Structure formats: structure tokens, C-alpha cells
Amino acid sequence: MLDNQIEKIVLFLLEQQGLLATRIAKLGEQQEALQEQPDISQISELREAYRTAGRDLLKLLYFVEINAIGLRKILKKFDKRFGYQFTNYYVKTRANHPYSQLQQVFKHVGIGAVVGAISRNLGELQDRQGSYISIYDQPPLALQDSIIDSMKAAVDRLTHSTNFLNFLAQHALILQEELPAPIDEHAEDQRYHFMSLMLNLANTFLYMVNTYIIVPTADDYALSLGAAATVCGIVIGAMAVAQIFSSVYFSAWSNKSYFRPLVFSSIVLFVGNIMYALAYDLDSIVVLLAGRIFCGLGSARAVNRRYISDCVPSKIRMQASAGFVSASALGMACGPALAGVLQYNFKIYKFTFNQETLPGWIMAVAWLVYLMWLWFLFKEPSQEVEANETPQESNSEPAEGDALESGVKTPLLISSEMKELDEDGDDECRGSNEAPEESRQAATSLRSAYRLLTPSVKVQLLIYFMLKYAMEILLSESSVITTYYFSWSTSSVAIFLACLGLTVLPINIVVGNYICNMFEDRQILLASEIMVCIGILLSFHVFIPYSVPQYVISGLIMFVSAEVLEGVNLSLLSRVMSSRLSRGTYNGGLLSTEAGTIARVVADSTITLAGYLGDSKLLNVTLLPSLVICISSIIATLCTYNSLY
């Protein structure tokens, strides 16, 4: 029965493509005639005819997408009833068949050729009358027609194609609805403010600098206050502990405002860094930890994500998401590098300024400057526009009685079946009998959000936990390990950590532009997990002496593989996660943030606890849990491999 319905979709798609191809061919004949005798009015009519064909193609793409989502929900429903075995069997037997029609639903059948024909002819008519230059000879940015951008966006969404910006944006995990309806661009523009977006990205950058600027000197600071060097794990992890709670209340606060949470964040971070700097003169480890906790309570990353998701127009949301990740990566690299520069030691009155306290003083000044910038330049988005978007969207589709539109309105499932899937398709792991209206609502608590998680989603969250744990172990204990084995100075540790951070963007360029276009996401996911595992194995202190090349190469393999894994992992997570987790306070972004933050807390606690066994055993003891979790995630990935599509 399901195979028959898929066949109907594919045949209908081919039929409608033929009709569109015929229309485009006739329009091409008219265009050739106009080249001999140009007429401005006829050229305008021809351009509008091409736009109409483009709008019809958008309807066809919407038809394929809604049926692809319906098919995913059907498979989830069977998984629920048969113990998550049907999807594995169905995908395995259909997707790899030479005559597979399943791939035609989840990918496309020659849509790119139709998009190319419309784009080329529209481009030539738009501003190249009388020219023999083709769009193939110029950068695609020369085309500004909105219908072309809409077609390409729809094709990219349907085929899951990727490029550097797409791959980079996946790290942000800014979830959207499964079926984004046409929206009012004017309403979006009313909420968008460029300087406010820049302030959000600046907040992201400064917070990441604040997180990692203390890593090279945290062990020395702990020793200065009379504690063990491995207490640096608690010092670094205190910020992550507080972030577990701050992520929740900032996510809830962003439902009502963006400006006030950012102001509160800046003030709390200013106070936290002052306390961190004063702990040296007060000779108090308690004040030091309290300062880091205050910094964690000021983590507004949930607000930064939410602003991009809600207030940035969809046409530039991918670039904004990529900017969010780039700001994070740049901050991660600049933090240790800045710590390496701050090698001074002087006093002003009773305040000490040295390599331990200067990171706190510098970040306090930075947050104060940011607060003033925020206060005068941030523009609070209008809440009324968002409330009125839905009724505008419902009337935005033009009523045209052509054959294509009538066909597109006939989906794979009849209306009653589609309604049933909508009612319980997103509740496959709950088995509840709640009302249809409630079943479409966003999760209202962490418990209800957890109940929406399928095994595939849980595996992706486990992978995210694993990679964050492994990265935190590598970064947080680097100063202790390198001092013990290699006698590195603070500057050497800072350079090493900065170089690791600087690899993020180049690696994402390679993966986003090349590797993701040659392999499936699930293949890259599994390969990256294996490479992380290899990096962990190479890091163990088995051979004597423990050499610098072994540590640097193994750390580089682990870090780079984890960065690649993060992008693919979050891409798959957004794909297999319920659409109910794309909105509300307890959304998918919050769940992934909590998973990563908890991983950092556990990793930093492991470093501190392992320190009681001595510095000589610290490396192997902290790597062992990383290895166990990594192997577990690889096994879990293999168990759910066929459901990752």
C-alpha cells in the first residue's frame, strides 16, 4: 500500500514536470522571437510568465515536501507500533534498490533542470537584453529576482543539499517548522534590526571569550589560592553548572523580551568577572568560584538563538546562524590567545593585575562597554507583528484554478489519514490520547519535551553529549597536562588552544563545500565518531616518554573530528526531532544546550576528582570515560543507522 502511494507521488511529479517543461519551452520560443524584435511590454509580460511558472514549481515542491513529511510520520507511527523495527527494514530494502522511488520522494526528480531553465531565462530577461552572456558565465549573486531565491531555497530544503554556510549554520541548531508557509516579508522586516543582530552576535562572541580566556591560567590561579592545580576543573566547570539553569530562564524570558535579558546578562557577567579578578587579593577560592557561577548565570546564548530564529528574515537566517557559529568559534580562539598576551604583573592601589586576574578585569571592561552599546543601539522587536503573522499567512496563497494547483492539493494521504497523523505523528513515543489541539502545542516542561524524544533523537543527544565531553576534557586539562609532561608556559598553552580554535572555520569550509556533497550525513556522522575514538585512543599515555607530537596530533584529530561531528549531528537532530520541539521555551535548541552543558559539567568534575589520584594518572583516568561514551555512541548509531535520513 505504501509503495503504491509513493509511486503515485513520483508519477504525478514527473507528469507536472512535463507540463512545466512544455510551458517553459513555449516561453523560450517567444523569447527567441523577442531577441530579433525587442518589445519592452512583451518582455515584461514574458518575465511575468516565467515568474508564474516559478510559482507553480514552488507549489509542486511544496506538494513533494508535504508528502515526504507525511511518509516520515507514517514510518514513525509504524515504529511506535512495531518496536522501532519497521523503518530500518523499509529504508534498507527500498532506499538502496536501483529502481528506488523512495529516494525520489526524499530527493527530487530533475527539479534542478527546471529551476535552472527558469532562472537562466529570467536572468537574461531581467537586465541583459541584447547580451549573449549567460547566468552560467557569472556568479549566481547577479540574480536578484525573489522567485529564483524562493525556488532554490525550496529545492535545498527538500534535498538537504549543503554548502559552507548551511553546514556552519547547522552548529547553531536554530530549528524551524517542518513546513514553513509563505510569510509576509514586510512583517519580518519590521522585526528585523541589523544593529540588534550584531549586538546578539557580539554577545555570543564575548561570552565564548569569557568562557575560554581563563583556561590557560586556571590551574595557576588555583595554586595561588592554596588549592590543587586540578581544581581548575571546578573553576572552569562552575560556569557550565550555572548555565544549566540560566538556559531555562533565559529561554522563557525571551518569549516576552530580548532587550531585558541581554541587559541582565551583561550586568551579571560584569559582576562575575569583577569577583573573579578580586578573588586573588581576597585570597578566597570561594569568591573565585562565585564569580564563575555569576558568569554562567549570565549566559544568554538561548536568547541569541531565539532572536535569530524569531526576528531575522528567513532569506538571511542561514547567514545569521552561520554568523552565530562563527562568532562562537572566533571567541573560542581569541579567549586563550588573549590570555597568552596578558603576561603582566603590577598593582594599582590594592588591586593586583597579573596573568591570573587580568582576564577578569579585561572581560569586566568589555561587558561594561557592551552594556552601553546595547543600551543605546538595541531595538526591541515588536511583539504585535508576531501575533498577527498567522492570519496573514493563511490568506497569502493566490487562488488559481489551474491543473497544477488542483493536483498539488491532493496529497499522498486522504484528509482523514493526514489529520490522524497530525494528531499523533509527533507523539510516537508517548502513546497518549490527548486532544488534537494539545498534541500540536509546544512542550511546556522538560518532562514533556523528554517524552517527545524518539530513540533516534536520544542517540543524537548522546552523541552531542559525547563530543562535548571529549572536547571539554581536552581543553580544560590542557594546562595541567602540558605543564606536567612538557613544562609548557602559559603562553605555549594559549597558543595551542588558539590554534585548535582557529581550525573550526577552515574545517567547516572543507566539509560544507565538498565532503557533505559526496557523502550522506549519517555516513559522515559514523566516520567522525570513529575518528574521535581514534583520537582518544592515541591520547592515552601508554608509551614512555609521552611526547609533544603524540599529544598535539591526537588532540588535533579529536578536536577536528568533534567539530565535524557537531555540525552533522545537529543537522540530523533537527531532521529527526519532533516539530513540536521547534518552538516554545523547551525547544530542541534548549535540549541540545542542556546536553552539552551537562557534558561539560561532568567532564570538569571528572578532572577535579581524577586529580586526587595524582597528575601522573590524570590523563588516562579522564580519557577512559571519553572512550567508553564514544564506543557506546558508535554502537547506538549503528542500531539506529537506517532511521537517519
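A residue counts as buried under 20% relative accessible area, as exposed over 50%, and as partly exposed in between. The structure on display is a predicted model, and this tour applies that scale from its opening stop.

**Stop 1: two loop residues**

Select D283, in the loop between α12 (259-282) and α13 (285-297). Its relative accessibility is 52%, so D283 counts as exposed. The phi of D283 is near 50°, a positive value in a residue other than glycine. Most residues other than glycine have a negative phi.

Next, select Y349, in the loop between β1 (346-348) and β2 (351-353). Y349 also carries a positive phi, about 55°, although it is not a glycine. Because its relative accessibility is 80%, Y349 counts as exposed.

**Stop 2: the whole chain**

Zoom out and colour by secondary structure. The protein chain comes to 30 helices and 2 strands. Of its 645 residues, 54% are buried. The accessible surface comes to about 28,100 Å², and carbon and sulfur atoms account for 63% of it. Among contacts between residues at least 6 apart in sequence, 83% join residues at least 24 apart.

**Stop 3: the nonpolar cores**

Select Y370, L374, F378, V532, I536, F559 and L581. These are the residues with the most contacts inside the largest nonpolar core, which has 118 residues. Helix α23 (residues 455-476) supplies the largest share of this core, 14 residues. Apart from it lies another core, of 23 residues, which includes L61, F63, L122 and L125.

The C-alpha atoms of S44 and L125 are 8.3 Å apart in space, while the two residues are 81 apart in sequence. With a relative accessible area of 38%, S44 is partly exposed.

**Stop 4**

Select residues 490-502, helix α25. Its 13 residues should span 18 Å at 1.5 Å a residue, and its end C-alpha atoms are 18 Å apart, which agrees. Show the side chains of the buried residues in α25: T490, V493, A494, F496, L497, A498, L500 and G501. Which helices do the buried residues of α25 pack against? They pack against α10 (218-224), α15 (314-341), α23, α24 (478-486), α26 (504-518) and α28 (548-576).

Then select residues 521-539, helix α27. This helix has 19 residues and reaches 27 Å from its first C-alpha to its last, close to the 27 Å expected at 1.5 Å a residue. The buried residues of α27 include D521, R522 and E529, along with I524, L525 and V532. The buried residues of α27 pack against α23, α26, α28 and α30 (615-639).

**Stop 5**

Select S265, which lies in helix α12. Is S265 buried or exposed? Its relative accessibility is 0%, so S265 counts as buried. Not counting residues up to four places away in sequence, S265 touches N203, F250, G298 and A300.

**Stop 6: salt bridges**

A search of the whole structure finds 8 salt bridges. Return to helix α2 and select E48, R51 and R55. R51 forms a salt bridge with E48, and the closest N and O atoms are 3.4 Å apart. Because R51 and E48 are 3 residues apart in helix α2, about one helical turn separates them. R55 also forms a salt bridge with E48, with the closest N and O atoms 2.8 Å apart. R51 is buried, with a relative accessible area of 19%, whereas E48 is partly exposed at 36% and R55 is partly exposed at 31%.

Move to helix α14 (residues 301-311), where R306 and D310 are 4 residues apart and therefore separated by about one helical turn. These two residues form a salt bridge, the closest N and O atoms being 2.8 Å apart. R306 is buried, with a relative accessible area of 15%, and D310 is partly exposed, with 22%. Elsewhere, salt bridges that share partners join R23, D56 and K59 into one network.

**Stop 7: a nonpolar surface patch**

Finish by selecting V365, L368, V369, M372, W373, W375, F376 and L377. Together they form a nonpolar patch on the surface, with about 830 Å² of accessible area. L368 is found in helix α16 (residues 358-377). With 39% relative accessibility, L368 counts as partly exposed.

Terms used. Residues are numbered from 1 along each chain as its sequence is written. This is a predicted model: local features need pLDDT of at least 70, side-chain atom pairs count only at pLDDT 80 or more; totals for chains, interfaces and linings use all residues. Side-chain values use heavy atoms; hydrogens and water are left out. Patches are made of residues with over 30% relative accessible area and no salt bridge: like charges are joined within 9 Å, nonpolar side chains (Val, Leu, Ile, Met, Phe, Trp, Tyr) within 5 Å. Accessible areas come from the Shrake-Rupley method with a 1.4 Å probe; for residues, only the protein chains shown count as cover. A salt bridge is a side-chain nitrogen of Lys or Arg within 4 Å of a carboxyl oxygen of Asp or Glu. Buried means under 20% relative accessible area, exposed over 50%, partly exposed in between (1.4 Å probe, protein chains only). Contact means heavy atoms within 4.5 Å. A nonpolar core is a set of buried Ala, Val, Leu, Ile, Met, Phe, Trp, Tyr and Cys residues joined through side-chain atoms within 4.5 Å. The expected span of a helix is 1.5 Å times one less than its number of residues.
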